[in-house]
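Subject: The structure I promised you

Hi there,

Have a look first, and then read on for what turned up in it.

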Amino acid sequence: MSHDAMPGHDGIDWGEIRRRLAERQGPEYWRSLDEVADTPEFQELLHREFPEGATEWTDPVGRRQFLQLMGASLALAGLTACSSQPSDKIVPYVRAPEEVIPGKPLFFATAVTLGGCSVGVLVESHQGRPTKIEGNPLHPGSLGATDALTQASILGLYDPDRSQVVLRTGTPSTWNAFVSGLATQLDSGTQPQGGGLRILTETVVSPTLAAQLQAVLAKFPAARWHQFEPVSRDTVRAGARLAFGETVNTIHRVEAADVIVSLGSDFLTTGPGAVRYAREFASRRRAETPATALNRLYAIEATPTLTGGMADHRLVVRPDDLESFARGLAVRLGIEVGGHSWRPTPEQAKWVDALARDLAAHRGASLVVAGDEQSPAVHLLAHAMNRALENHGRTVVFTDPIEAVPVDQGESLGQLVADMQAGKVETLLILGGNPVYTAPADVPFAEALNKVAFRAHLALYEDETSALCHWHLPEAHTLEGWSDGRAYDGTVSIQQPLIAPLYGGRTAHEVASALLSDPRSGYDIVRDYWKSQRRSGDFETVWRKALHDGLIADSALPAKVPTWKGVIPAAPSVAPQGLDLVFRPDPAVWDGRFANNGWLQELPKPLTKLTWDNAALMSPAAAERLGVQSGDVVELTFAGRRLNAPAWILPGQADGTVTLHLGYGRTQAGRAGSGIGVNAYLLRTAAAPWGGSGLTLKTTSARSRLASTQGHQTMQGRNLVRMATAEEFRKHPDFARDPGDHGAGHQPSFYPAHKYEGYAWGMAIDLNACTGCNACVMACQSENNSPVVGKAEVLVGREMHWIRVDRYYKGGLEAPETVHQPVLCMQCENAPCEPVCPVGATVHSSEGLNDMVYNRCVGTRYCSNNCPYKVRHFNFLQYADDRTPSLALLRNPNVTVRSRGVMEKCTYCVQRINEARIQAKTHDRDIQDGEVITACQAACPSQAIVFGNINDPKSRVSQLKAHPLNYGLLTELNTRPRTTYLARLRNPNPALEQG
Amino acid sequence: MATHPETGPGMPSTPIVTPGYTYASVTDKISVIVLSGTTPLSWFAGFLIAFGLLQALLLGIGWTVVFGLGTWGINIPVGWGFAIVNFVWWIGIGHAGTLISAILLLLRQQWRTSINRFAEAMTLFAVSCAGLFPLLHMGRPWFGYWMFPYPSTMAIWPQTRSPLVWDVFAVSTYATVSLLFWYVGLIPDLATLRDRAKARALKIGYGMLALGWRGSAQHWHRYETAYLLLAGLATPLVLSVHTVVSFDFATSLVPGWHTTIFPPYFVAGAIYSGFAMVLTLTIPIRWLYRLDDFITMRHLRNMANVMLATGLMVAYGYLMEIFFAWYSGNPFEMFMMLNRMTGPYGPFYWALICCNILVPQLLWSERVKANVPLLFLIALVVNVGMWLERFVIVITSLHRDFLPSAWGMYYPTWVDWAIFVGSIGLFLTMLFLFIRVLPMISIFEMRTILPSPKPRPAAAPGAGPAGD
């Protein structure tokens with residue numbers, strides 16, 4: 001810590017960091033590199049990141065936002081200076097709509113489709129306005145949970161920047177004008193049979209839309225339908241074709257696997273079925289007793305993923321080496337391989353050996369998963385290994401593809417562009433997607449687009465593609481239109497609208513029906529399709545049940561046994577040159593479609609904790625060699641294209657590998673999303689959609705201010721995330737307990753403890769299950785009307801998330817272990833915040849909740865100072881947007897919207913508790929266990945969060961709190977937190993532990 | 001009365017008033033500053049600067065109230081920033097007045113007479129400045145009155161377990177008693193001014209303020225009784241105010257705040273900074289208004305001694321903080337202390353040690369104490385040091401507490417600076433107005449300490465140079 005020990009001025013002293021890390025013993029965690037070094041440069045960086053003076057005034061954009069905020073505050077001050085709510089007349093219904101009881105929400109089952117896979121959701125609707133998305137417990141891909149993107153998609157519905165009117169070359173027009181314009185265009189086509197017509201969609205998993213497009217193709221036999229999506233699963237499909245000669249859909253039975261090997265896969269948090277897989281995985285990580293056998297996860301990857309963070313063993317390899325490693329493992333498993341000349345490092349050799357033994361010992365109960373971004377060969381190898389391990393039919397199940405028409409999307413787009421350039425395309429309908437922005441850099445889509453005589457774009461936003469099209473059609477949001485879609489296992493959900501389109505948007509179905517000159521409503525289109533699919537029985541009953549349940553019963557695709565046709569070719573002998581570049585979909589904005597979603601922009605990315613930006617993620621060793629520090633702008637050159645991007649040093653990244661997340665650097669995303677981050681698509685080629693080698697990197701003198709929410713110092717040996725191996729747990733079942741504590745984590749006190757008769761709410765968070773996926777953070781923001789504060793405010797540490805996921809590292813720089821710890825209000829029984837409030841604005845409830853009375857709060861912030869967990873958040877400015885009318889519809893009416901100058905924090909979703917209380921009282925009974933589900937708990941894919949009444953010894957939360965792994969955070973302060981954690985267990989392979 | 005011009009080490013034989021003054025000449029010399037028709041240019045210059053700074057305060061307050069606390073540098077975890085630093089600093093400065101007036105009165109230290117009026121005024125102004133901050137730092141300052149136990153129709157009272165509520169009582173009581181004490185002490189002098197004023201408006205103005213004082217024996221008797229009683233009332237307040245202010249920190253569980261040594265250490269620090277501020281202000285004013293005869297080297301020397309003594313107490317406090325951080329065995333406390341010394345705010349800590357402990361050691365030297373410019377400089381340094389002390393206590397304790405994931409940094413914004421500098425402007429503005437319209441040295445008390453040409457009036461026992 002002392003200044004004398006600080007390294008020189010030429011940047012971070014890597015040797016020193018390694019030495020310091022090596023010196024550490026036991027479970028010590030560190031959060032960032034600079035903190036280990038604690039360099040003066042790091043301190044300087046801090047100064048640069050947080051310059052003196054109002055940041056708002058140094059940054060013109062920030063100033064503008066700030067002035068907007070000030071405008072709101074001014075209005076506030078101009079009114080009664082205490083309340084921003086305008087007076088409004090409330091008129092009761094004269095004739096109440098069916099089933100609508102004011103104050104009682106209704107839930108409708110529908111589906112959200114992203115990245116070529118639907119997931120069933122239940123949407124909460126308050127008198128006609130959807131306010132919250134929950135998972136659909138009946139849906140196999142959800143089981144009641146959702147991911148962060150799905151949670152946040154509801155904000156997109158109310159986004160004031162959404163396109164609101166049909167545009168014809170930039171001027172407002174009408175839908176009818178478009179329909180007649182389209183008809184004229186088709187009639188005047190010079191090529192027979194609609195030869196000049198092209199339709200470009202994203203991955204279509206909607207059977208209805210597929211049928212419609214097939215009908216279009218039947219009507220115009222010379223027309224073509226192309227599919228393109230930047231985050232496509234081309235390699236997955238190609239791998240399946242290599243293995244089976246046909247495209248199949250692969251379903252993993254994670255629950256049934258004792259040993260799992262992830263080859264660069266992030267199957268726990270991204271891709272089809274991730275929500276379900278996380279649940280299944282977590283179910284095998286819960287040590288009910290010390291004797292419970294846990295599954296074991298190995299991750300081999302180049303860039304850290306959350307799945308890698310959950311792994312018991314993680315091997316960092318260069319992207320090229322991953323295939324070699326897979327090949328080596330396959331050979332070791334006795335699989336015939338065309339040619340193999342891999343020279344593994346001693347560590348890799350040890351890994352191959354240990355993995356092969358472990359896999360072979362669990363035939364039929366093991367699983368090899370290849371990442372969506374991996375090459376077809378890796379997928380082929382994974383299939384081959386699963387086959388050799390007799391996992392097919394056990395932990396790996398195949399069905400027909402869920403995509404209606406699986407195509408190689410890169411090829412499909414290439415063909416379209418070639419046709420456009422050749423002048424063969426006269427009419428182009430782009431139904432969703434933003435290809436001008438997302439097309440590979442070497443596919444001149446935008447240029448070719450200009451050669452098309454009639455081009456129309458259906459999209460939620462007037463984006464980069466719309467700007468180049470003659471017609472822009474506002475698209476109906478998922479929650480506004482009828483559609484359908486297949487889940488990861490093929491289960492069909494009907495997507496039903498929750499609200500009439502706010503801006504008159506249309507669905508792709510309606511555009512397709514316009515093409516067919518068969519104008520029908522979306523409802524009729526979808527319903528008629530399914531009616532036509534049903535030959536017998538009472539359709540109405542089935543339809544109603546499907547809408548009610550959110551899925552069509554037994555519509556999952558049947559399992560099939562594809563015949564093995566795989567021949568594993570020889571390894572391509574390409575010597576890697578330069579650095580490697582890896583592209584990944586962004587964990588928050590995905591491929592860029594959520595760029596204008598403030599919730600997602602402000603969502604700290606799980607590993608970097610960056611908000612409002614992407615960065616070139618690089619390994620500590622590479623940064624050391626290049627003298628680069630986080631925030632330094634580097635010039636990346638890949639395949640002859642250059643891009644300047646700020647660097648971010650990410651421990652666990654393969655050396656010499658740079659990862660870029662897609663989805664940033666947009667120019668026409670909207671007010672929130674335009675002009676932030678760097679556009680990784682500018683480096684992406686059709687040949688290397690997920691990156692490749694040959695990257696060169698040059699430092700520049702520029703720096704960029706990146707807003708990360710992570711802390712800066714070591715854990716100082718604080719026992720915050722408690723952890724042991726399964727073996728240690730067997731030997732010392734009470735390792736997680738505080739010394740001298742025998743269960744409750746209570747210290748002696750002069751005062752008698754509070755008595756809690758009736759309910760006593762508490763929570764237990766299982767760190768074995770938490771992947772750090774952020775679904776809880778988004779769910780909380782959505783449920784509790786949390787505001788977005790903007791990058792400038794995040795930079796000064798004023799983000800407003802009531803629940804945050806702390807991320808700590810353990811071990812060396814190159815391959816540290818990663819642990820995640822969700823931290824929300826602990827609802828302490830001896831809450832330090834309560835006695836210090838001068839006006840009694842934070843008080844204890846009889847059920848042990850630490851209640852925040854917003855109306856009473858004068859904003860001294862003493863409660864936050866005195867909160868050891870720092871879970872309280874203050875409205876330093878008027879953060880809640882009370883001026884955008886559409887956002888008013890988004891609010892949860894059961895949660896107060898906080899005004900400027902007021903403290904806020906997690907309430908354990910007290911509105912949900914009270915809802916359950918009312919229900920229980922109505923029926924004259926007690927609230928049952930599981931009846932109150934907090935927003936974070938509901939969203940959690942792995943069910944890491946359990947909430948309930950700790951006075952009821954039979955409740956799940958009570959049982960977890962009695963578990964030997966249960967411990968409280970900072971219980972030495974005698975805060976008696978109601979939120980406790982279950983210590984994390986690793987299940988290492990002894991063969992890899994030694995040395 | 002001793003009239004030797006020399007001083008010897010340890011022998012405070014310099015007179016409190018330079019010999020040669022009579023009742024009339026004392027009265028003339030002090031009252032002419034107020035009643036003179038011409039105002040010295042230097043006053044105007046000083047007032048303009050002070051008034052200019054005051055505008056920064058108004059701008060800062062306006063900005064804060066209209067746009068919100070987000071214009072300040074505070075955040076989570078550092079929920080308190082400059083506002084609380086300034087509050088504690090000003091309150092500390094406000095301690096010298098009462099100490100000089102009340103405690104030294106009760107201890108019959110007659111040297112206080114030349115400086116007590118001035119110090120009391122300074123106290124009042126410092127407390128006014130301090131009082132601004134708790135209100136301003138609230139998220140919703142328009143609800144500041146909720147801190148008071150007023151009969152609300154909702155039957156809601158302040159939450160009396162909170163030290164912030166104790167603060168409200170402590171500071172408001174202190175302000176009230178200080179004001180009364182000051183005003184009561186002014187009454188005979190206001191009557192003098194009334195009697196000597198030429199302009200009718202002044203006669204009326206001072207006359208009303210003098211509350212009909214005629215100087216009768218009965219008046220003097222009641223006055224002395226009241227003044228003594230107020231002195232008795234004010235004395236415990238000197239100890240209580242900063243004790244309560246220290247509770248704002250000590251009752252929390254924040255490492256670096258949660259300390260039992262805070263009350264005495266805060267009180268010592270307050271007196272320390274109070275005397276430093278009195279010296280800082282006295283020295284230039286003494287020079288400007290040529291008051292060397294009334295505010296003599298003996299005064300400066302005594303004040304320097306008080307500074308040295310309280311400075312050593314403060315140093316003991318710092319030492320004990322370090323010792324207990326280690327002795328407690330509490331890793332959070334140990335980390336806090338280490339972070340305070342070597343963390344990102346380490347330079348501030350060492351600057352404070354330098355300002356508050358090292359530099360004042362010069363005061364052991366009689367030659368330093370006799371060197372007025374150097375004394376002024378040391379007093380200034382102590383003022384800065386005491387501000388830094390509060391900064392270090394507030395900021396370094398908060399910015400890295402228990403969970404490393406929640407650690408942050410604090411950087412003040414221009415609004416923070418405007419309010420801080422502006423509060424100095426407010427203080428100086430009030431001070432300049434005070435020295436222009438009220439006698440800055442107690443005329444009647446000065447008369448009592450002159451060498452008597454005849455037996456002193458028996459009606460001034462409390463203020464008399466008893467025991468001499």
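Let's begin in a loop of chain A: A:A639 sits between β22 (632-638) and β23 (641-649). This residue has a positive phi of about 50 degrees although it is not a glycine. A:A639 counts as partly exposed, because it has 16 C-beta neighbours inside 10 Å. Please keep in mind throughout that this is a predicted model.

A:C909 also has a positive phi, near 50 degrees, and is a residue other than glycine. You will find A:C909 in the loop between β34 (903-904) and α30 (910-922) of chain A. Is A:C909 buried or exposed? A:C909 is buried, because 26 other C-beta atoms lie within 10 Å, and 20 or more are needed for that label.

One more backbone angle in chain A belongs with these. Helix α25(A) is followed by A:N785, whose phi is positive, near 55 degrees. The helix itself, residues 775-783 of chain A, has nine of its nine residues buried, so it is largely enclosed by the rest of the structure. Among those buried residues are A:A775, A:C776, A:V777 and A:M778, and the list also includes A:Q781, A:S782 and A:E783.

Which strands are joined to β16(A) by bridges? One of them is β4 (residues 167-168) of chain A, which runs antiparallel to β16(A) and is joined to it by two bridges. Another is β15 (residues 454-459) of chain A, which runs parallel to β16(A), with four bridges between them.

A:F220 lies in the loop between α8 (207-219) and β7 (224-227) of chain A. With 22 other C-beta atoms within 10 Å, A:F220 is buried. Leaving out residues up to four places away in sequence, A:F220 touches A:Q193, A:G194 and A:L197. A:F220 and A:Q193 are 27 residues apart along the chain, yet their C-alpha atoms are separated by 4.8 Å.

B:V241 is part of helix α8 (residues 217-250) of chain B. B:V241 is buried, with 28 other C-beta atoms within 10 Å. Which residues does B:V241 contact, leaving aside its neighbours within four places in sequence? They are B:I91, B:A170, B:V171 and B:Y174. The C-alpha atoms of B:V241 and B:I91 are separated by 8.2 Å, although the two residues are 150 apart along the chain.

While you are in chain B, look at helix α12 (residues 346-358). This helix has 13 residues and reaches 17 Å from its first C-alpha to its last, close to the 18 Å expected at 1.5 Å a residue. Its buried residues are B:Y349, B:L352, B:C355 and B:N356. Seen down the axis of α12(B), these buried residues fall within an arc of 135 degrees, so they line one face of the helix. They pack against α10 (297-327), α11 (331-342) and α14 (372-399) of chain B.

There is also a peptide bond in chain B to check: the one from B:I76 to B:P77 is cis, with omega near 20 degrees. B:P77 is in the loop between α2 (41-67) and α3 (82-93) of chain B.

Last, here is where the two chains meet. The contact takes 60 residues from chain A and 50 residues from chain B. On the chain A side, α3 (40-49), α5 (60-78), α27 (833-836), α28 (862-865) and β33 (873-874) each supply at least two residues. The largest share of that side, four residues, comes from α5(A). By class, the side of chain A that touches chain B has 28 nonpolar, 23 polar and nine charged residues.

Enjoy exploring, and write back with any questions!

Best wishes

Terms used:
Residues numbered from 1 in each chain as written. Chains lettered and ligands numbered in written order. Predicted model: local features only at pLDDT ≥ 70, side-chain atom pairs only at ≥ 80, totals over all residues. Expected span 1.5 Å × (residues − 1). Buried ≥ 20, exposed ≤ 12 C-beta atoms within 10 Å, placed from the backbone. Arc of directions from axis to C-beta. Contact = placed C-beta atoms within 7 Å. Nonpolar A, V, L, I, M, F, W, Y, C, P; charged D, E, K, R; others polar. Pairing = 2+ DSSP bridges.
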